[in-house]
Amino acid sequence: MVEKLNNQVEGKGFEELSELLRREGKSVTGAIFEEGLKSRGAKQRLATTQVCEGCGRTLTRQPKLQSRKVESLHGEIEIERPYFYCKPRRKGSSPLEEALEIAPQKKPYDLQRTAADYLRKFRLSERVRFLNA
Ligand SMILES: [Zn+2]
């Protein structure tokens, strides 16, 4: 990785170099993040049955693990998780996602939080500008 970077660094200016490192850095932290997530939720990963929260039926895991791509601050990461589907309620669930605190929506919590933080800061700076006017 460092060697590969050394080759790419040559002849690059400030902006280009910064962008290169941002991109490469993201792929490293993304990989570490993915590994970190793999070590969590071991029990949920092995689960073969789950009681449906809605109707109390015992659901059996779908034979294959389902992979899901999740956007994060460290780029897109892939998660393989067991998936349970309640036919009468037409509702799927994944206890592993709950264990890892992955939001069911496309944007996971860390990005949602960033957006909220951004908005808060923006409003704050607007307020400061208003007070200084
Ligand atoms: Zn159910």
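**Exercise 1. State what share of the chain's residues count as buried.**

Solution. The chain has 133 residues, of which 11% count as buried. A residue is buried if 20 or more other C-beta atoms, placed from the backbone, lie within 10 Å of its own, exposed if 12 or fewer, and partly exposed in between. The model is predicted: local features need pLDDT of at least 70, side-chain atom pairs count only at pLDDT 80 or more, and totals for chains, interfaces and linings use all residues. Residues are numbered from 1 along each chain as its sequence is written.

**Exercise 2. Determine where confidence is lowest and where it is highest in the chain.**

Solution. Confidence is expressed as pLDDT, the predictor's value for each residue, from 0 to 100. The chain has a mean pLDDT of 82, and 80% of its residues reach 70 or more. Helix α5 (residues 109–132) has the lowest confidence, at a mean of 65, whereas strand β2 (residues 58–60) has the highest, at 96. Helices (H or I, at least four residues) and strands (E, at least two) are DSSP runs, numbered from the N terminus.

**Exercise 3. Describe how strands β3 and β4 are joined.**

Solution. Strands β3 (residues 66–72) and β4 (residues 75–81) run antiparallel and are joined by seven bridges; pairing requires that DSSP find at least two bridges between two strands. Glu71 has Glu76 of β4 as its bridge partner.

**Exercise 4. Determine whether Arg90 is buried or exposed.**

Solution. Arg90 lies in the loop between β5 (84–86) and β6 (91–93). Although not a glycine, Arg90 has a positive phi of about 50 degrees. Arg90 is exposed, with 7 other C-beta atoms within 10 Å.
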